[in-house]
Amino acid sequence: MYDIAFISYDEKEADSHWDILKKKYPYAKRTHGVKGIHQAHIEAAKKAFTPMVWIIDADAVLLDNFNLRYMPAKRDQNAVH
């Protein structure tokens, strides 16, 4: 399973969405307050220990049936999925 990165800035529901995510995935890491989405992704990647990372934006609600166990083939791990 890959690391999970939660990215937030000033989204209204960020803290409640973070709480929900942490209950399901206590090892998730949060990147908060970084200006610019590109810079926020860079900061989130610095916290990851796995070769790929799941990015969850603060304004998104992760559905219970979303499969966070998906792992692309080794040859496809240099791309966004």
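Here is a short chat about reading the sheet, the helices, the core and the aromatic pairs in this predicted model.

Me: Let's start with the sheet. In what order do the strands run, and is the pairing parallel or antiparallel?

Reply: The open sheet has 3 strands in the order β2-β1-β3, and the pairing is parallel. β2 (29-32) and β3 are the edge strands, each pairing on one side only. Neighbouring strands are turned by 25° against each other on average, ignoring direction. β1 and β2 share 4 bridges in the parallel sense.

Me: Which strands does α1 touch, and at what angle to β1 does it run?

Reply: α1 packs on the sheet and touches β1, β2 and β3, with its direction at about 170° to that of β1. Then look at α2 (residues 37-46), which lies across β1, β2 and β3 at about 145° to β1.

Me: How do I read the sides of a helix? Which residues of α1 are buried?

Reply: The general idea first: an α-helix has 3.6 residues a turn, so residues three or four places apart point the same way. Now the case here: A14, H17, W18 and L21 are the buried ones in α1. They sit on the same side of α1 because they cover an arc of only 100° around the axis. Those buried residues pack against β1, β2 and β3. On the face turned away from the buried side you'll find the exposed residues D15 and K23.

Me: And the core? Which residues touch the most other members?

Reply: In soluble globular proteins, nonpolar side chains tend to be buried together. Here the largest nonpolar core has 13 residues, and I4, F6, L21, Y25 and A28 touch the most other members. β1 (3-8), α1 (14-24) and β3 (53-57) each give two or more residues to this core, and α1 has the largest share with 3. Leaving aside neighbours within four places in sequence, the contacts of I4 include L21, Y25, V53, W54 and L68.

Me: What about the aromatics? How many pairs are there?

Reply: A pair of aromatic rings is described by the distance of the centres and the angle of the planes. The count here is 3 aromatic pairs. Y25 and Y27 have ring centres 6.2 Å apart and planes at 80°, so that pair is edge-to-face. Y25 is buried at 17% relative accessible area, while Y27 is partly exposed at 36%. W54 and F66 are edge-to-face too, at 5.6 Å centre to centre and 85° between the planes. W54 lies in β3 and F66 in the segment after β3, so this pair ties together parts 12 residues apart in sequence.

Note on methods:
Residues are numbered from 1 along each chain as its sequence is written. This is a predicted model: local features need pLDDT of at least 70, side-chain atom pairs count only at pLDDT 80 or more; totals for chains, interfaces and linings use all residues. Side-chain values use heavy atoms; hydrogens and water are left out. A nonpolar core is a set of buried Ala, Val, Leu, Ile, Met, Phe, Trp, Tyr and Cys residues joined through side-chain atoms within 4.5 Å. Buried means under 20% relative accessible area, exposed over 50%, partly exposed in between (1.4 Å probe, protein chains only). Contact means heavy atoms within 4.5 Å. Two strands pair if DSSP finds at least two bridges between them. Axes are lines fitted to C-alpha atoms, for helices over the stretch in contact, and angles run from 0 to 180 degrees between N-to-C directions. The arc is that of the directions from the helix axis to the C-beta atoms. Rings of Phe, Tyr and Trp (its six-membered ring) pair if their centres lie within 6.5 Å; planes under 30 degrees apart count as stacked, over 60 as edge-to-face and the rest as tilted.
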